[in-house]
Amino acid sequence: MRLRSLLAVFAARGVSWIERHFLHAKATSMPGKIALRIDPHVLGPLAGKLKKGSIAVCGTNGKTTTNNLICKAIENSGNSVLCNRAGANMESGVVTALLFGKEADWGVMEVDELSTPLVFPALKPSYMVLLNIFRDQLDRCGEIDTVMQAIISALEKTPETVLIYNADDPFCSYIASHVKRTIPFGILEDLHLPQNRVVGGRFCMKCGTMLEYDYHQYGQLGAFHCPQCGFQRAPLAFAATQVKLSGGISFQVGDNLIHSHYSGAYMVYNLLAAFAASQTIGCDAETFQQTIDQYHPKNGRLQKFAVHGTSVVLNLAKNPTGFNQNMSLLLQDPDPKTVYFIINDHDNDGNDISWLWDVDFEWLAQEKDLVVYAGGHRMNDLQVRLKYADISAQLVKNVAEAVKLTQALPQERKLYVLTNYSALAPAQRELHALSSQE
Ligand SMILES: [Zn+2]
């Protein structure tokens, strides 16, 4: 390692030590920021610690869950792994994850899509897992075209990277058409899900003709083809069939049955992506299933709490597709329930919250016995949006109040807390504090 890189690593480790011992904070990106300030090229030498290679996980929704599952599956196969588990996915987060420990077999890194042109040339990932591309944080990420171009330019700089991608997504498929070595995965049957009002990606990225679908899952995902130029979903290397979505999820991939107590069509894609990546690098199906069985996320994604007898489910929903998936999940739940939406507009959420109008809140209006609360900095905007969906939402200032109100209702209910990005950690802290009072 060059002297400058060594100095960067040394200084960053010092910062991490201070953070841990004096601020009692987990270092997720600050040490990386310091290292990059001292040596902007420090990622390259750090990536040299990875003996077998690295996997970069990208996509608008599902990155953290998929990344952590892949990491665990590879660890359970007897490999050592360096991973940015907490989801710090900019260049500084990736650098931080690689700072500690001498060396490891694999690096498994969630990478923010717009950070790929910076991260990939240095990390040179052996594999990229690309989950989906949805509209997200318009003022930060810009249009979908910008995101796609960023990923394409990143992959052009690392021509050896094998792309494991969601072939049901026309955007991911378009990116794949620029890549030499690809492994497509997807769902080979119609899941008959409720359809979205607002769908991106309706036009062929190659020739502009409206795409046609044999079947549509959600968002722009499905068995698509362009009637004009022949752009279409590629034959699937990993195809999910016999998908069951009630009472947990299960599906078949070739001879392997994969099942989980988690629910939701989006989890089928996350598990399928993680399975494809794990199999590709040699993790067997049995180990993968054991990994799923042991997977209990503590990062606010579908995290469960019990507060004085009330079960609470916390989940992240930060864009229209994420919200729609969460809502179809709670609509599948037959138990009586309340839902508390929390919407903030910090920089990391996107200051523009006009996307709320693209969420299918109308679905909830059909649910007769549902109580809805609105919170966060933009609770008033949210309340207005819900009013247009025929839902009367009470303004509620925090999770504690939502729990109290839920418990005061005549019937026992489950509480769903769905938040966007910056509201997730405070809601999680509140729930930890409330549940520890039991
Ligand atoms: Zn076309």
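**Entry 1: the sheet**

I began with an open sheet of six strands, whose order is β12-β13-β17-β14-β15-β16 with mixed pairing. Its edge strands are β12 (303-307) and β16 (394-395), and each pairs on one side only. I took strands as DSSP E runs of at least two residues, and helices as H or I runs of at least four, numbered from the N terminus. Two strands pair if DSSP finds at least two bridges between them.

This is a predicted model: local features need pLDDT of at least 70, side-chain atom pairs count only at pLDDT 80 or more, and totals for chains, interfaces and linings use all residues. Residues are numbered from 1 along each chain as its sequence is written, and side-chain values use heavy atoms, with hydrogens and water left out.

Next I looked at β14 (residues 337-342) and β15 (residues 371-375). They pair in the parallel sense over five bridges. Thr-338 has Val-371 in β15 as its bridge partner.

**Entry 2: strand β1**

Is β1 (residues 50-58) mostly covered or mostly open? I found it mostly covered, with seven of its nine residues buried. Buried means under 20% relative accessible area, exposed over 50%, and partly exposed in between (1.4 Å probe, protein chains only).

I then checked the partners of β1. With β3 (residues 104-110) it pairs in the parallel sense over six bridges. There, Val-57 has Glu-110 as its bridge partner. With β4 (residues 127-130), β1 also pairs in the parallel sense, over four bridges. Ala-56 stands opposite Met-128 in β4.

**Entry 3: the domains**

I looked up the domain assignment: domain 1 (3-294) and domain 2 (303-436). Such bounds come from an automatic or database assignment. The two centres, taken over C-alpha atoms, are separated by 27 Å. In contact (heavy atoms within 4.5 Å) are 19 residues of domain 1 and 23 residues of domain 2.

**Entry 4: the second largest pocket**

How much space lies in the second largest pocket? I noted about 750 Å³. A pocket here is an open set of points on a 1 Å grid over the protein atoms alone, where a 1.4 Å probe fits, with protein on both sides within 12 Å along at least five of seven lines; lining residues have an atom within 4 Å of a point. The volume is the space filled by probe spheres set on the points, which are joined across faces, edges and corners.

The lining has 44 residues, and the closest to the pocket centre are Thr-60, Arg-301, Leu-316, Lys-318 and Tyr-421. Elements giving two or more residues include α4 (63-76), α10 (265-280) and β13 (310-316). Each of domain 1 and domain 2 supplies at least three lining residues.
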